[in-house]
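Student: I would like to learn how to read aromatic rings in a protein model. Please take me through one case.

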Amino acid sequence: MAGFHKAAGAASRRALATFLLSALLAACGGGGGGGGIVLPVGTTQLPATLIVNVPAAPQALGVPIPFASNASDPSAVLSYAWDFGDGETSSQARPTHAFARAGIFTVRLVLGNEAGNSLATTVSVAVSDLAIVAGKGCSGAAGTGWCWQRPLPQGNAIFDYAFVDDSRGWAVGEGGTLLATVDAGVSWNAQVSGTRLDLGRVHFVSAMVGWVAGSNGEVLKTLDGGASWQRLSYGQTEPAQTIRAADADNAWVTSTYGSAYVTRDGGSQWSRIVAPSGDFKLAMVSGTDVWALPYYNDGTARLAHSVDGGLAWTEVAMPPFEPGATSSPRDLQFADATHGLLVGTEFVFDPVAGADVTREGVWLTADRGVSWQPLTPPAGSMPGTTYKLVDATTVFASSDITPLQRTSDGGATWEPVPLPVVAGTFIAFYETFTAQRIVATDGLGRSYLTVDGGAHWALRGAGGAAAASVSSLWFFDSREGVALAYDGSTVRTSDGGQTWTAGIAAVAAGWRRAQFLADASLGWAIADSGAIHRSADKGRSWQAPPASTGALLSSVTDFHFFDAQRGWAVSPFGSAAGQTAFYASSDGGLSWESVGGAGILGGIVALRFGDALHGAAVGPIGIAMVTADGGATWSPRPTGINANLRRIAFASASIAVAVGENGAIVRSTDQGRTWTPVTSPTTRGLNDVRFVSASVGHASGEFGTVLTTRDGGQSWALSPAGLRTTLQAVFFVDEQTGWIAGDNGNILATANGGR
């Protein structure tokens with residue numbers, strides 16, 4: 001036996017037990033008779049703690065996901081019972097599974113051995129429909145957070161552009177917006193700025209090194225073309241007027257208040273450049289080459305020039321303003337260290353007219369201010385014309401009444417720059433980078449780029465055109481959805497919002513609120529008139545209610561259908577006495593009847609039902625109205641707050657949450673009979689609230705505010721969406737996949753729950 005133990009030292013306990021049993025049986029005469037000795041056979045051990053290994057990051061919809069556990073089973077005796085949480089199962093030890101829908105799934109594994117012992121554990125798996133956000137500009141990195149679907153590439157206002165050549169450029173704007181293009185604006189990719197502050201100015205020294213200035217002293221710097229940005233600050237709250245840099249270390253900012261700040265260590269420290277006196281504003285050529293421009297000139301004031309960053313100043317003669325004139329220099333620019341442009345306004349008495357007249361004065365210098373030559377303004381120009389010197393000889397001029405013009409001979413001749421022709425709007429903004437490379441923006445926020453001086457223009461903007469504001473949003477599944485707008489138009493999608501196409505405008509006045517049944521194409525929507533229209537084809541067509549029913553619907557602000565037949569509506573001042581009126585329908589909205597009113601109060605604007613009998617409605621000064629008899633009677637309930645409530649939703653049959661002005665949130669766990677105020681992370685007004693499950697809900701509102709709860713409305717957290725416009729609607733089809741929509745036709749989507 002000793003030899004056997006030596007040979008089988010690495011064998012399993014199960015193999016050893018089997019061998020010993022066989023040997024003993026053989027010694028006793030074989031395995032048959034009743035006198036044999038039987039030893040218990042060892043069972044396969046289960047792990048002390050069962051662990052399931054799954055990828056931690058959200059997984060793409062439809063892609064096989066590998067699953068495994070920490071169970072060791074060389075003999076293949078253990079049993080595996082996998083439940084993937086979507087109705088699918090497996091008995092394999094290491095299965096792979098592809099989810100057919102997005103969401104957060106609870107995967108359960110039950111592990112058993114031959115003795116009937118078992119262990120069980122669960123793990124959550126997040127599955128994202130990444131296609132709906134692929135290639136879109138998002139508030140987070142790599143398709144996370146909230147991503148623009150309409151307009152494209154995004155809908156925030158763009159304040160500045162920077163191009164280093166005819167292909168590579170950047171755009172900055174509202175709410176921390178930062179985008180880049182490598183194909184002359186054909187496509188724009190969002191870059192993560194790391195800030196929600198407005199970004200107003202951008203400058204790139206090269207294709208790799210760039211600087212951005214924003215509100216409240218915000219400064220960003222990149223050394224890798226925008227792949228990553230470092231947040232800095234020049235320590236002031238005054239708005240930046242310009243930002244320029246010589247390299248990654250030396251940069252300077254001028255403010256709208258005439259101040260200037262310079263850094264020589266890459267932005268860690270900034271020093272203020274002090275003008276010779278308080279009556280000067282500063283113009284920077286470099287971090288050390290600084291000019292001081294007097295605000296007013298009485299005929300004796302001079303320019304001041306410093307070549308050491310403002311430590312020492314030298315007076316420089318002003319251009320020859322007309323003797324006796326009062327002048328107001330307003331702008332000084334330099335294309336390089338020697339070539340500059342000065343613009344001012346002269347106020348002089350005209351003896352012929354017998355009154356003061358205003359004239360524009362524009363001068364050029366090619367010798368660092370030693371001498372100045374007058375530049376003849378374009379014909380018809382008025383005081384206030386904007387001039388820009390882009391190289392040693394090229395000057396652009398534009399005003400509200402004068403189209404963009406260009407001269408390269410000191411104003412002797414001016415040529416109009418051909419601008420893009422856009423029907424129904426006007427060109428309102430120009431950004432000139434070279435004599436040939438220009439960006440123009442129209443009155444709808446769309447931008448155009450030319451690289452040949454205006455001979456050819458292409459729609460290349462980083463900001464999309466505004467559209468009618470979306471009032472309501474509904475998705476029938478993760479792919480098919482419809483958005484209704486205040487002007488009566490609709491847009492539809494069949495690919496989860498990757499593309500939106502115009503639908504039929506069914507009402508002239510506009511849409512306000514829509515609801516469809518979760519499992520059918522039947523739906524309803526409030527028209528601007530207050531009437532509730534009905535659709536049987538997912539909003540492709542709408543049927544107006546009869547002109548006369550049991551009750552004439554008046555100024556309805558909200559409604560709720562519990563099923564295909566039973567529905568309720570509310571009008572804040574619909575009764576004859578100017579109080580709240582409630583209506584009910586038992587035929588799917590074909591007809592309506594008046595039911596018990598508020599009796600004491602007007603202004604109730606929103607209602608929802610938790611079941612066929614219990615409902616709640618909310619409105620002014622935090623008042624809730626509740627019913628326990630299917631809407632036949634209503635009674636008031638205080639919510640503990642005084643804010644006006646705008647929307648209500650049921651997370652379950654008993655839990656209701658209402659939201660409103662100043663970020664107000666209240667919650668009830670007894671179908672609206674009692675309410676508790678909930679701490680809100682915002683003071684912005686909230687316009688919509690919706691729950692995708694008893695635990696997970698979302699609210700949206702003013703200034704791009706989005707909130708998320710994962711505990712049935714007990715606590716809420718901000719889910720920054722990266723926009724500033726008001727949101728009117730939020731909709732989720734599962735915990736991962738949702739949309740928000742609102743002013744200017746904005747629609748954004750998330751594939752990871754807004755995280």
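**Aromatic rings and the chain around them**

Tutor: Ring pairs join Trp474, Phe475, Phe476, Trp500, Trp511, Phe516, Trp542, Phe731 and Trp739 into a cluster. The model is predicted, so local features need pLDDT of at least 70 and side-chain atom pairs count only at pLDDT 80 or more, while totals for chains, interfaces and linings use all residues. Residues are numbered from 1 along each chain as its sequence is written, and side-chain values use heavy atoms, with hydrogens and water left out.

Student: What describes a pair of aromatic rings?

Tutor: The distance of the centres and the angle of the planes describe it. Here, rings of Phe, Tyr and Trp (its six-membered ring) pair if their centres lie within 6.5 Å; planes under 30 degrees apart are stacked, over 60 edge-to-face, and the rest tilted. The count by this rule is 29 aromatic pairs. Phe67 and Phe84 form a tilted pair, with 5.1 Å centre to centre and 50 degrees between the planes.

Student: Where in the chain do Phe67 and Phe84 lie?

Tutor: Strands (E, at least two residues) and helices (H or I, at least four) are DSSP runs, numbered from the N terminus. Phe67 is in the loop between strand E3 (65-66) and strand E4 (68-69), and Phe84 is in the loop between strand E5 (79-83) and strand E6 (89-90), 17 residues apart. Both Phe67 and Phe84 are buried, where buried means under 20% relative accessible area, exposed over 50%, and partly exposed in between (1.4 Å probe, protein chains only).

Student: Which kind of pair do Trp211 and Trp270 form?

Tutor: Trp211 and Trp270 form an edge-to-face pair, 6.4 Å centre to centre with 90 degrees between the planes. Trp211 belongs to strand E16 (residues 210-214), and Trp270 to the loop between strand E21 (260-263) and strand E22 (271-273), 59 residues apart.

Student: Why does Trp270 count as buried?

Tutor: Trp270 counts as buried because its relative accessibility is 16%. Trp211, at 0%, also counts as buried.

Student: Which charged ends sit over rings?

Tutor: A charge sits over a ring if NZ of Lys or CZ of Arg is within 6 Å of the ring centre and within 35 degrees of the ring normal. The charged end of Lys538 is over the ring of Phe476, 5.3 Å from its centre. The charged end of Arg684 is over the ring of Phe703, 4.1 Å from its centre.

Student: How many helices and strands does the chain have?

Tutor: The chain has two helices and 64 strands. Buried residues make up 51% of its 755 residues.
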